[in-house]
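This report covers a protein chain with a ligand.

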Amino acid sequence: MHHFAYRDGALFAEDVDLREIAAEVGTPVYVYSSATIERHYRLYEAAMASIAPGKPAHVFYAMKANSNLGVLKTLAALGAGADTVSEGEIRKALAAGFPASKIVFSGVGKAESELAFAVEAGIYQVNIETEGELDLLSKVAQRLGKRQEAVFRVNPDIGAGGHAKITTGSSANKFGVSFEEVHRLYARAANMAGVRIMGLAVHIGSQIREVDAFEAAYVKMRDLVLALRAEGHRVDRLDLGGGLGIPYEIPREFDHGPGLIEAYAAMVARVTKGLDAELGFEPGRLIVGNAGILLTKVLHLNPRPTKEFLVVDAAMNDLMRPAMYEAYHEIWPVAEPAVGAKTMAYDVVGPICESGDTFTTGRELSALKPGDLIAFMTAGAYGASMSSTYNQRPLVAEVLVKGDKFAVTRPRQSYEELIGTDRAPPWLA
Ligand code: LLP
């Protein structure tokens, strides 16, 4: 469930009227609900902790989904760890209060400087994806007089995920070392002074709503753990990644509840029974996805003989998912439509100068006019974090709501910040 609902004819985020946020902060603006973030984190954490009572289940929030400082601080305060994929993310996680001892560093291509930063910060674990990275990490850590704990991210060759662009677990994808290679790498790493291999990691993709896809990968991982142990290796940790999907097509009254999370946890418990490994998880979307909306204003109507365009002030640079993955986001008008109100089919588009800047086509919505506010729902994950300044549009503001309070946790980028960071070359200055 989430905490965006109609009250007295208007859409609220918890106890805050979205019209008030629009009036004070302007549009477009991302609005996040603390209560939803907290609820989802708690549900997820409790379900994973119940898998092997007595053994820690580490939840590393995949901060690429939403790295707003307010969101990060909310999760750090709940005791979450952070899954990071760049030095920038590690720095931001530390700044938000995640202890280094709860930070995992994933990613296909880690630079030497990034590895050095991570080792020096004393992070919990590096998820190694290539042999070259293994060598580099060991060299860097040795130079710093440290031995970095790490795991191998393995590619389980399982295709799954909501869209081809977000599938990662098939051998056709660039992610992880192969099942065949990992034996040799484990043996090699045993003699390296700069790394201590603690176990394995896997992540098969994103927006996966079927437990079966995960199960196929996790069964392979369990068998791999056993095979490596039989070869005499220590495999104490198993990081199972993120990827559990959320409902984007939500009827208004929908409460998505804990069903899928619990089914997933039960499957993990079944597959890892008796394995005696510390489990780790890297959820992103599930924690923040429906905890955020993008609030935008109708600028113009553009009627055509066959359809009507609704031009809004948000664009593909602010919310890239529809243009990039044909992703579906519910659209809720902020003024609650009267029961039985007449609807119109709209193509909802942004102001950017390309046709791809289309959020949806032929969507039935209550009749709208310039100045009306609408909300793109379920925009808390991979919304603001994927935004850009294409067309020289400033990055939009982000607001965190808690009860009847709200705070701007990222001010709208100013034109000075947008333009002023470029430098003219000396010959044109
Ligand atoms: N761990 C690793 C290694 C990952 O690559 C990812 C996401 C996650 C965890 C978190 O996955 P989640 O629980 O959020 O599904 N931009 C796309 C999604 C890309 C996901 C990238 N990796 C979208 O908007 O749908």
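The protein chain divides into two parts: domain 1 comprises 4-31 + 290-420, and domain 2 comprises 34-287. The model is a predicted one. Between the C-alpha centres of domain 1 and domain 2 the distance is 32 Å. Their contact involves 23 residues of domain 1 and 22 residues of domain 2. On the domain 1 side, at least two residues each are supplied by helix H11 (321-325), strand S20 (397-402) and strand S21 (405-410). S20 gives the largest share of that side, with 4 residues. By class, the side of domain 1 that touches domain 2 holds 11 nonpolar, 7 polar and 5 charged residues.

**Gly-70**

Gly-70 sits in helix H3, which covers residues 69-77. Apart from neighbours within four places in sequence, the contacts of Gly-70 are Tyr-32, Leu-400, Ala-407 and Thr-409. Along the chain, Gly-70 and Tyr-32 are 38 residues apart, and their C-alpha atoms are separated by 9.1 Å. Is Gly-70 buried or exposed? There are 22 other C-beta atoms within 10 Å of Gly-70, so the residue is buried, the threshold being 20 or more.

**The ligand shell**

The ligand is surrounded by 21 residues, and the closest are Ala-62, Ser-206, Gly-242, Gly-284 and Tyr-382. In composition, the shell has 9 nonpolar, 8 polar and 4 charged residues.

**Annotated positions**

Under "binding site", an unreviewed UniProt entry lists Arg-285, Arg-321, Tyr-325, Glu-354 and Tyr-382. These positions are spread over 98 residues of sequence, and in space they reach up to 27.9 Å between C-alpha atoms.

Glu-354 and Tyr-382, two of the listed residues, are both in loops. The loop that holds Glu-354 runs between strand S17 (343-349) and strand S18 (358-366). Tyr-382 is in the loop between strand S19 (373-376) and S20. Tyr-382 is also among the residues closest to the ligand. Leaving aside neighbours within four places in sequence, Tyr-382 is in contact with Ala-65 and Arg-321. Arg-321 is itself on the UniProt list.

Tyr-382 has 24 C-beta neighbours inside 10 Å, so Tyr-382 counts as buried.

| Residue | Other C-beta atoms within 10 Å | Class |
|---|---|---|
| Gly-70 | 22 atoms | buried |

**Confidence**

The model has an ipTM of 0.99 and a pTM of 0.96. The average pLDDT of the protein chain is 94, and 95% of the residues score at least 70. Among the elements of the chain, the highest mean pLDDT is 99, for strand S4 (residues 29-33), and the lowest is 92, for strand S10 (residues 177-178). Residues 253-257 have a pLDDT below 50, and this stretch has 6 contacts in the model beyond near neighbours in sequence.

Conventions. Residues numbered from 1 in each chain as written. Predicted model: local features only at pLDDT ≥ 70, side-chain atom pairs only at ≥ 80, totals over all residues. pLDDT = per-residue confidence, 0-100. Contact = placed C-beta atoms within 7 Å. Domains from an automatic or database assignment. Nonpolar A, V, L, I, M, F, W, Y, C, P; charged D, E, K, R; others polar. UniProt positions renumbered as here; feature names shortened; annotations may be inferred. Buried ≥ 20, exposed ≤ 12 C-beta atoms within 10 Å, placed from the backbone. Near = placed C-beta within 6 Å.
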